[in-house]
Structure formats: structure tokens, C-alpha cells
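Here's a quick tour of a protein model, made for someone new to reading structures. Keep the 3D view open and follow along.

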Amino acid sequence: MNDTTFGRRARFGALVGLALGLGLGAIGIAAAAGGGAAPNAAAQAPPGQPVDSFPILTRLHDWQVIDNKTVIVWATPWQPYLVQLRYPSHDLPFVQVIGVTSLGDRVYARFDSLRVAGFRYPIDNIYKMTKEEAKELARQS
């Protein structure tokens, strides 16, 4: 095995280990946080159809906060997605700017994160919505 192959395998092993560690840590956080919390309306019956990812070309077109764990993001002016975070961000209703991590030109549930006030909040679920569903949900919140 030459040095190049060894380096690739070492990086791949480190990446897999990091992903597994983050996933197991998030499960523990979710289990600890979910003890007596009352479920919110967006988590009970999210509108739209569940998807694994959505495309993002350069940046988000727009976003609206529903609660401290749910955001409607507009990937384009025509396509909204409901993004549910794995755990709540108490800063989310008050921030002026959010960011999103992506792998290439797509944002994936259970892999990418929303960046709020310098912290990363893993994306738990993504739901594709119609413009009417997004406007109605934003009006209700």
C-alpha cells in the first residue's frame, strides 16, 4: 500500500468515525431532551411530502421561522421546504441571518445543518411544500 492509498483510507476512516460519533451523540441529546417536552404543532403534522434533500444553487432565497425547531426555507422563489431541526435553537426566532451547510449543490436531512448565531443545528427532516402550504403555515405561526 503506497502513501497516497493509505492517506485516502485514513481520511475516509476518520470521516466515517466522525459521522458515527455525531450521529450517536445526537441520538443521546434527542433522547435526553425529549423526556417531558410537549410536541409542537409543526412536529405533529408537517405539511408536504418528506424528502431526503433539496437543491441549493448558491444560497437560500428566503426563510421564515415557524418555531425554535422549524423553519421554512425557500431554495428558489418558487420552491419552499419545511426544515425541522434535531434540537431547538432558542436564538432562531431572533436572528437576522442563518446559514446552511451543503454537500455540493444539495442540502441533506440527517447530514447537513442550519447555522444559527455561530452554532450548527443538525437537520432532522425536510418536507417539500407548495407555495400555498408555506404561506398558510407562516400565517398561522
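E136 is partly exposed, with a relative accessible area of 33%. Its salt-bridge partner is R139, and the two side chains meet at 2.6 Å, N to O. Keep in mind that you're looking at a predicted model.

**Salt bridges**
- Side chains of opposite charge can pair when their charged atoms come close.
- The count here comes to three salt bridges.
- E136 and R139 share helix α3 (residues 131-140), where they sit three residues apart, about one turn of the helix.
- R139 is exposed, at 61% relative accessible area.
- R110 pairs up with D52, and their closest N and O atoms are 3.4 Å apart.
- R110 is in the loop between β7 (106-108) and β8, while D52 is in the loop between β1 (49-51) and β2, so this pair ties together parts that are 58 residues apart in sequence.
- D52 is exposed, with a relative accessible area of 52%.
- D124 and R86 make a salt bridge too, at 3.7 Å from N to O.
- D124 belongs to strand β9 and R86 to the loop between β5 and β6, so their pairing links parts 38 residues apart in sequence.
- Is R86 buried or exposed? With 17% relative accessibility, R86 counts as buried, whereas D124 is partly exposed at 24%.

**Aromatic pairs**
- You'll find two aromatic pairs in the structure.
- One of them is F54 with Y81, a stacked pair with 4.7 Å centre to centre and 20 degrees between the planes.
- F54 lies in strand β2 (residues 53-55) and Y81 in strand β5 (residues 79-85), so the pair ties together parts that are 27 residues apart in sequence.
- Both F54 and Y81 are buried.

**Nonpolar cores**
- The largest nonpolar core has 20 residues, and F54 and I98 touch the most other members.
- β4 (70-76), β5, β8 and β9 each supply at least two residues of this core.
- Another core, of nine residues, lies apart from it, with I66, I72, L82 and A134 among them.
- Leaving out residues up to four places away in sequence, I98 touches L60, W63, V71, L92, L114, R115 and V116.

**Strand pairing**
- Strands β6 (residues 98-100) and β8 (residues 113-116) run antiparallel and are joined by three bridges.
- Opposite I98 stands V116 in β8.
- β8 also pairs with strand β9 (residues 119-128), in the antiparallel sense, over four bridges.
- L114 has Y121 in β9 as its bridge partner.
- The hairpin of β8 and β9 has two residues between the strands, and A117 there takes a positive phi near 50 degrees.

Key: Residues numbered from 1 in each chain as written. Predicted model: local features only at pLDDT ≥ 70, side-chain atom pairs only at ≥ 80, totals over all residues. Heavy atoms only, no water. Phe/Tyr/Trp six-rings, centres within 6.5 Å; stacked < 30°, edge-to-face > 60°. Buried < 20%, exposed > 50% of the residue type's maximum accessible area, 1.4 Å probe, protein only. Pairing = 2+ DSSP bridges. Core = buried A, V, L, I, M, F, W, Y, C linked by side-chain atoms within 4.5 Å. Contact = heavy atoms within 4.5 Å. Salt bridge = Lys/Arg side-chain N within 4 Å of Asp/Glu carboxyl O.
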